[in-house]
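Please keep the structure in view while reading.

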Amino acid sequence: MRGWTISLLLAVMMLSQVQADAAGVAVVNCISCHTVLSGRLSTPVKLWNSSIHAEHGITCNACHGGDPADSANAMSPARGFRGKPAAPAVPALCGGCHMGVLKHYNESAHGRALTVGGPTCITCHGSHGVVSASIELINRKNCSKCHSYTKARKIKNAMLKTEGMLKAIDKKIAVLKVQGVDTDKLEKRLFALRNRFHAMYHSLDVKLIVQESDHIQAELKKTSGIGGGGTGPLVGMLAVAWALLAALLFYLIKKNLD
Amino acid sequence: MMLHKKLYNWIDDRLGMHEIINEKRSGYLLPPNVNAWYSLGSVLLVIFALQVTTGLLLMLYYVPDVDKAFSSVAFIMNDIPLGRLVRLFHAVGSSLMIVVLVLHMLSILFMGSYKSPREMHWLTGFILLLMAMGISLTGYLLPWNQLSFWATTVATDGIGTIPVVGPYLVELLRGGKMVGFKTLGRFYTLHVGLLPAGITILIGVHLFLIQRTGVSTPPFGLEDTSNPWKEEKFKYEDHPGGIPFFPNFFLQDLISISLYLACFLALVFFAPNLFLPATANLPANPYVTPAHIKPEWYFLANYQTLKLFPSEIIGLIVQVLAIAFVALLPFIDRGAEKHPLKRPFFTITALGCILLWIGMTVWGYYS
């Protein structure tokens, strides 16, 4: 039985490697092995599949280290495998990529409580099924696990308008995109503003959030004016009217001639 | 004497330009009962000229490469002054070219102008329609968007239903099993080189034929509406006491052209997405099939016919027979009568076929 399992694992690994090579993407043996394992060993993969990390191609080794391309040594400490990070190490680990957030977090009440069992990134965003920063994460159920919801509600209310503006511009970009408008610059600008805004969530400083929200809202108002690319209805009406007038003029000349 | 007058006289002394203009314009007489439908040929010439002009402008920035085609079109649309307008002129113009071509052919059909000695006029016109559909099909792929990629896949799939040679023809057209970079290269060559050259030559032949035989007399407002040509030797159909082409009918041409431009500009400015839906603005992705893949609107009837029959080969045979019948109509319909109301069987059958084509197109769109 054990022999069959190992054979099956090897076959899956080889197949996945061939498929991945053919598609020209990085080989991630962690996923192919853990997918076919049972119980708690496969759960992380299931969770990861629906995560924001999976959406952006951030795989297991980004947090756990190791060599995902070499199945034999994938979990070797010599290849940088660090296993499950300890809770106090989580903010620094995530902050390796999310630098702006780390700064705000470290200065917040959450960050200051880290050494006494305070919340880390995974408390709100999850570990394997990582969810992106959104205002929906601030809710009574989540926050009341550790403290009262009063201050969290204040923060959420201060951010609601800006979040609404971000979503509205997102929708506008989607509409412009299908109209053939180049939204690349607009998307990059929005990405930077959204990051700045979402990083600020983590400061937990209501005064700062209100102040910064006003700045970001002013920036977003400028951003929402970008786009379009059409000529507007007036030019169209003038063009059509010009053609119709020309037809009428030629008709009158012809009638006169006939 | 003004400089341009001097120049005109200089050329006229050497080439007799005035004589040509007088003979071919004012001296070129059309039937007294000529109607506005006769101006559709001129409208088509303007459309073709507009397509060539906008096509050349697009070629300045378009890159026929699968990695750059979509972004080069996006660049034209967003960064080149008036680029969006030029692209829309070209895209909307290609569809309207088919519409006006079909209207032109229908007017010829119902007025019996295809009858002897104008078999070759009809045949060249019909080939021009097929070439216009070909140039639109090949141009459709060039922006390399989701719509064009998948519509081309469906349209070229249809050719694969031809027995024995079908799969080879598809591979020849695509340059491989799938629509890819080789297909783009082939379609680009056809679209900007072979087909425009072929269409230009055929337009020349079509105009030459009209010049040689003279313009046919419409069957309306006359007592005798039969074909005046009695299978004799070559005879130019002249129209003594008719309407001079210039300036009289030239003004009718200008009216029709202006009305066409009004419709064209209305579509360009107020309904551009009719011809460029959302999927036309997303880059081609061979791994993501859109929910409803359809060929261009003028292939929808063919597409639906193929789906209607239990076997694709039967659907294909039916279509080939129908196309051959229409192409060879002047050789099949040898009756002398031209007036549509005096040949009710023909008129009812033709109207039925048109309704069937429209019905199949609508069905194909909603299927």
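The largest nonpolar core holds 62 residues, and those with the most contacts inside it are Val100(B) and Val268(B). A nonpolar core is here a set of buried Ala, Val, Leu, Ile, Met, Phe, Trp, Tyr and Cys residues joined through C-beta atoms within 7 Å. A residue is buried if 20 or more other C-beta atoms lie within 10 Å of its own, exposed if 12 or fewer, and partly exposed in between, with C-beta atoms placed from the backbone. Helix α10 of chain B (residues 245–270) supplies the largest share of this core, twelve residues. Helices (H or I, at least four residues) and strands (E, at least two) are DSSP runs, numbered from the N terminus. A second, separate core of 14 residues includes Ile155(A), Met159(A), Ile169(A) and Ile216(A). In soluble globular proteins, nonpolar side chains tend to be buried together.

The model is predicted: local features need pLDDT of at least 70, side-chain atom pairs count only at pLDDT 80 or more, and totals for chains, interfaces and linings use all residues. Residues are numbered from 1 along each chain as its sequence is written, while chains are lettered from A and ligands numbered from 1 in the order in which they are written.

Within chain B, Val268(B) is in contact with Leu88(B), Phe89(B) and Val92(B), leaving aside its neighbours within four places in sequence. Two residues are in contact if their C-beta atoms, placed from the backbone, lie within 7 Å. Val326(B) lies in helix α12 of chain B (residues 312–327). Is Val326(B) buried or partly exposed? Val326(B) is partly exposed, because 16 other C-beta atoms lie within 10 Å. Its C-alpha atom is separated by 9.5 Å from that of Trp122(B), 204 residues apart along the chain.

Chain A contains 14 helices and zero strands. Buried residues make up 22% of its 258 residues. Of the contacts in chain A with a separation of 6 or more, 59% join residues 24 or more positions apart.

The contact between the chains takes 21 residues from chain A and 22 residues from chain B. On the side of chain A that touches chain B, the elements giving two or more residues are α11 (150–178) and α14 (233–257) of chain A, and α14(A) provides the largest share, 13 residues. The residues of that side divide into 13 nonpolar, five polar and three charged; Ala, Val, Leu, Ile, Met, Phe, Trp, Tyr, Cys and Pro count as nonpolar, Asp, Glu, Lys and Arg as charged, and the others, Gly among them, as polar.

Helix α14(A) has 25 residues and reaches 36 Å from its first C-alpha to its last, close to the expected 36 Å, a span defined as 1.5 Å times one less than the number of residues. Its buried residues are Val240(A), Ala243(A) and Phe250(A), and what covers them includes α10 of chain B.

As for confidence, chain B averages a pLDDT of 92, and 99% of the residues score at least 70; pLDDT is the predictor's confidence in each residue, from 0 to 100. In chain B, confidence is lowest in helix α2 (residues 17–26), at a mean of 76, and highest in helix α3 (residues 40–59), at 98. The predictor gives the complex an ipTM of 0.88 and a pTM of 0.72.
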